[in-house]
Amino acid sequence: MDKLRVEEVAINLELMKRSRFYHIFNPNGTKIFNCNAYRLLLFLYGSIVNCIVVFSTLGFFVEMDDTMSFTDLFVAIFVLINFFLCYWRICVFMYNVNAIYDVLSVSRFDLLKSKHCCKNVNVLNDYRDRTIKITNYFFLFSSTVMSQWIIYPLVVIAFTMPEDEYGRFQNIMNLRYPVSTYTYNQYYFIFYLMEVMVAIFTMYAMIFPDILLMSVCWAIIAQQEVLTQAFKNIGHEDNSQMVYYGDFKSILLDQLQLNLKIKLFYSVVRPIILTYVAIISTCFIIVTYVLLLVCMSKESHPVLTIIKLGSSALYMCLHLYLYCYLFDSMNIKSQSVNTGIYSCDWTKMDIQFKKLLLLTMQMNNANNLVIKASPKKIVNLQLFANIITMSYNVVSVMLETTS
């Protein structure tokens, strides 16, 4: 029986269940040959799509009867980078299914069981409403951006005439299949359906892991807020020293349990986040450069090309911002727990309580749970600002070199 219920967690579990992404991690789901059915289907579909992409890259290594434009070459590189990144990320998620399913329990309303934490459960309700709203908007925006790529070639074929009758028809990603132009155009809709398969897999592998990561991050932020409020309330009620001491220890046990979940979460997502930030930064530079080249070019380009590239650049910028913002917020909330501890009415406590409070604050300072891009650079909003500044400088140099 399913352990997680929509009404019991502070994440957008309904969206993940409708997309069947949650079912990939559910150990009690449908099985085929004693394997998770959804995990097996995703693996088979991903393998087929991977074969299509590998086949399409052969066109870069054999002599073809047509040439590829500079813009199409950059777009193809951008698409291939994104596909293999998404495929690798799905493989990492599937390899760590048990750990991720365990991490999802961090969103449960009953994760923290101490008396003072239970009094602040309304914090989780507020974060849950916010998470559902933001992830739904993110899903809608991401689907719209990626659907443009699928619809674009059909619109071009329906309403425009090809400038070069010997050139290849426009496709979703214009992958370089090792076939002649005549064969490609004659069987265009077969190649179009192949690219639709690739596009759908990329959409799925890009959107829903992001929704899961965002949901878990907001759940952790909410639980840290609950801990802060719980620590802060100690000593403001008329109880004995023994009761205060017991309340503090029960909240501390909740914090230790939450820290274990955060460490497990970081152990899974650290390589994903660092690789993703580095590669998406590179892709953002590529797409921005191509977009500016198209806009500044004296040749005429379809408006849809500008829309497609512009929305993709905006999507990646939003992507980077969300990652940096969420992990920055987690770092700040983690530090605010110590503020909550210090805000309790410790002045009227005995020496035993004060020693425990001091040791707890020292432990929290020692367990600095952050994701670092380098020994000195942390994944936070400052890193996002550095990436945008670097991208601006690199694109400016590339444009000056081109001109």
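## Terms and basis of the model

A residue is called buried when its relative accessible area is under 20%, exposed when that area is over 50%, and partly exposed in between, using a 1.4 Å probe and protein chains only. The structure described here is a predicted model, in which local features need pLDDT of at least 70 and side-chain atom pairs count only at pLDDT 80 or more, whereas totals for chains, interfaces and linings use all residues. Residues are numbered from 1 along each chain as its sequence is written, and side-chain values use heavy atoms, with hydrogens and water left out.

## Overall architecture

The protein chain has 13 helices and two strands, where helices (H or I, at least four residues) and strands (E, at least two) are DSSP runs numbered from the N terminus. Its C-alpha atoms fill a box of roughly 90 × 55 × 35 Å along the principal axes, and buried residues account for 52% of the 403 residues. If a contact is taken as heavy atoms within 4.5 Å, then among contacts in the protein chain between residues at least 6 apart in sequence, 80% join residues at least 24 apart.

## Nonpolar core

In soluble globular proteins, nonpolar side chains tend to be buried together. A nonpolar core is here a set of buried Ala, Val, Leu, Ile, Met, Phe, Trp, Tyr and Cys residues joined through side-chain atoms within 4.5 Å. The largest such core has 135 residues, and F265 and F327 are those with the most contacts inside it. Helix α9, residues 188-233, gives the most to this core, contributing 28 residues. Leaving aside neighbours within four places in sequence, F327 is in contact with C217, F265, Y266, V269, I273, I371 and V379.

## Salt bridges

A salt bridge is counted when a side-chain nitrogen of Lys or Arg lies within 4 Å of a carboxyl oxygen of Asp or Glu, and a search of the whole structure finds ten of them. D66 pairs in this way with R168, their closest N and O atoms being 3.3 Å apart. Because D66 lies in the loop between α3 and α4 and R168 in the loop between α7 (122-159) and α8 (181-186), the pair ties together parts that are 102 residues apart in sequence. D66 also forms a salt bridge with R176, with the closest N and O atoms 3.2 Å apart, and this pair links the loop between α3 and α4 to the loop between α7 and α8 across 110 residues. D66 and R168 are buried, and R176 is buried as well.

K333 forms a salt bridge with E225, the closest N and O atoms being 2.4 Å apart. K333 lies in helix α11 (residues 303-343) and E225 in helix α9, so the pair ties together parts that are 108 residues apart in sequence. E225 counts as buried because its relative accessibility is 14%. Elsewhere, E8, R108 and D110 are linked in a network of salt bridges.

## The loop residue S107

S107 sits in the loop between α5 (97-104) and α6 (115-119), and S107 counts as buried because its relative accessibility is 1%. The side chain of S107 reaches the backbone oxygen of L104 at 2.7 Å. Not counting residues up to four places away in sequence, S107 touches E8, V9, A10, I11, A219 and Q223.

Note on methods. Polar contact = N/O pair within 3.5 Å; in protein donor to acceptor, adjacent residues only side chain to side chain.
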